[in-house]
Amino acid sequence: MAECQAQNKAKLISETRRRFEAEYVTDKPDKYDPRDVKRLQQDDNWVESYLLWRHDVVDETLKMLDESFQWRKEMAVNDLTEYSIPRWLLEIGGIYLHGYDKEGNKLLWIRVKYHVKDHKTILDKKKLIAFWLERYAKRENGKPITVMFDLSETGINSIDMDFVRFIINCFKIYYPKYLSKIVIFDMPWIMNAAFRIVKSWLGPEAVSLLKFTSKNEVQDYVSVEYLPPHMGGTDPFKYSYPPLVDDDFQTPLCENGPIASEDEASSKEDIESDGKDTLETISNEEQTSLLKKINLSEPTSKAEENEKVDSKIKAFKKPLSVFKGPLLHISPAEELYFGSAESGEKKTLIVLTNVTKNVVAFKVRTTAPEKYRVKPSNSSCDPGASVDIVVSPHGGLTVSAQDRFLIMAAEMEQSSGTGPAELTQFWKEVPRNKVMEHRLRCHIVENSKPNTLTLKDGAFNMSDKTSEDMCLQFANSRRESDCSPP
């Protein structure tokens, strides 16, 4: 059944591409931006998003593509940057990306009180909307977005139906499949008639996406940590420009991995809170550190210790989905899986593989730096080598689907060093257009087998174990997990 659906979808995508090229592009090649035409031929997800919005009716999809592509060329969407927008418009903070809703969708804030109807500035405001949506779409291909229409402190001068209609069209025509919902906060009664018109623009299928809220209801859709105080939230965020604020990624705990004293401190903390030892990481250096703490029956060299643990632990890795970037292959491709609170929080792995001929510097950032320990989070990877990054919840805090991780990577020159000082200087100097970025979401597994390798707290009791016992216990732990019912 699934295979048949996939085949039908592939046929529809192929037909859409063929007919659009033959019926729309051939006679008027200058009608569209050639970059959009090229992308249409290469990006299945993009074609599918238009088909989905038109219920797989190819004729309607072609009309939608035609209108969307003409608009993209007219607005020069592919060339929009922050420098295309008047600085005052960015500084005022009327439109920006920040935070997530309870389903993990990014929030696009529209602070209506900062908008004054003015035909002289309306084009720039439309460009600002297009800039944010295109920026988001390129980074989060196909992932929905929630629009937060904040109407608090709004007067009659802020009502601009042309601008509202443009925003609606962005999601109906120009960015199909991206709209999760529109949360309208604190709408004045004077705007009731206006939003009846908005409902007619959305159409019957999309009307259900409108959520009218007050301070009491808005928390049904967005948790307090991402709501400002005037909405009853606790988010301390205050908009400012420059720089652009959209990702909210910050450096996590243990940026460069803990030194020995930090390891001891964290072990003490874990013992006091859980009464258990935990495996904080499986990097080569820390495997050696762990083994030194174990009473070995026979002395072995550092290289032998590393090789033994490295080979045995890697033997238990499960195949992961892979994002194939130009510098790094990243596993998993989209989501990090953590255990539920009932089963005990679990650590999880990000595996980076360098596919270049040069050393690649990388760093990891997160939207919730206080929640996670990431080891290592600022390091490098040799050509053809792989690096395991361990991500673990910290201090009893709960993993949330709203949390995100950002992997940043850039090639280093052969003469560059890879120590902490060299890496710090490298990231200060590397051009932005040379940096590869990839984002990962968090997913909580409820009583099911995760799709990524997770390391369970308390799976080890290393006080009287040999290195062989440790690996055998790890194997048993994995077998129990693999045999658990789906």
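A: P242 is partly exposed in this predicted model.

β5 belongs to an open sheet of five strands, ordered β1-β2-β3-β4-β5. The pairing in this sheet is mixed. β5 is an edge strand, as is β1 (95-100). Each of these two pairs on one side only. On average, neighbouring strands are turned by 25 degrees against each other, with direction ignored.

Now the pairing of β5 itself. β4 (residues 179-185) and β5 run parallel, joined by four bridges. Within this pair, V183 stands opposite K211 of β5. In general, strands of a sheet pair through backbone hydrogen bonds, either parallel or antiparallel.

Another loop leaves the sheet from β2. Y114 lies between β2 (106-111) and α6 (122-139). Y114 is partly exposed, at 34% relative accessible area. Together with W88 and I92, Y114 makes a nonpolar surface patch of about 270 Å². Patch members need over 30% relative accessible area, so Y114 passes that cut-off with its 34%.

D403 is located between β13 (386-393) and β14 (404-411). D403 is buried, because its relative accessible area of 1% is under 20%. Its side chain makes polar contacts with two others. One is to the side chain of K371, at 3.3 Å. Another is to the side chain of Y372, at 2.6 Å.

Helix α3 covers residues 44-53, and its buried residues are W46, V47, S49, Y50 and L51. An α-helix has 3.6 residues a turn, so residues three or four places apart point the same way. At the start of α3, a side-chain oxygen of D43 comes to within 3.0 Å of the backbone nitrogen of N45. After α3 comes H55, with a positive phi near 55 degrees.

How values were computed:
Residues numbered from 1 in each chain as written. Predicted model: local features only at pLDDT ≥ 70, side-chain atom pairs only at ≥ 80, totals over all residues. Heavy atoms only, no water. Buried < 20%, exposed > 50% of the residue type's maximum accessible area, 1.4 Å probe, protein only. Polar contact = N/O pair within 3.5 Å; in protein donor to acceptor, adjacent residues only side chain to side chain. Patch = residues over 30% accessible without salt bridge, like charges linked within 9 Å, V, L, I, M, F, W, Y side chains within 5 Å. Areas by Shrake-Rupley, 256 points an atom, 1.4 Å probe, with all protein chains shown as cover. Salt bridge = Lys/Arg side-chain N within 4 Å of Asp/Glu carboxyl O. Pairing = 2+ DSSP bridges. Axes fitted to C-alpha atoms, helices over the stretch in contact; angles between N-to-C directions.
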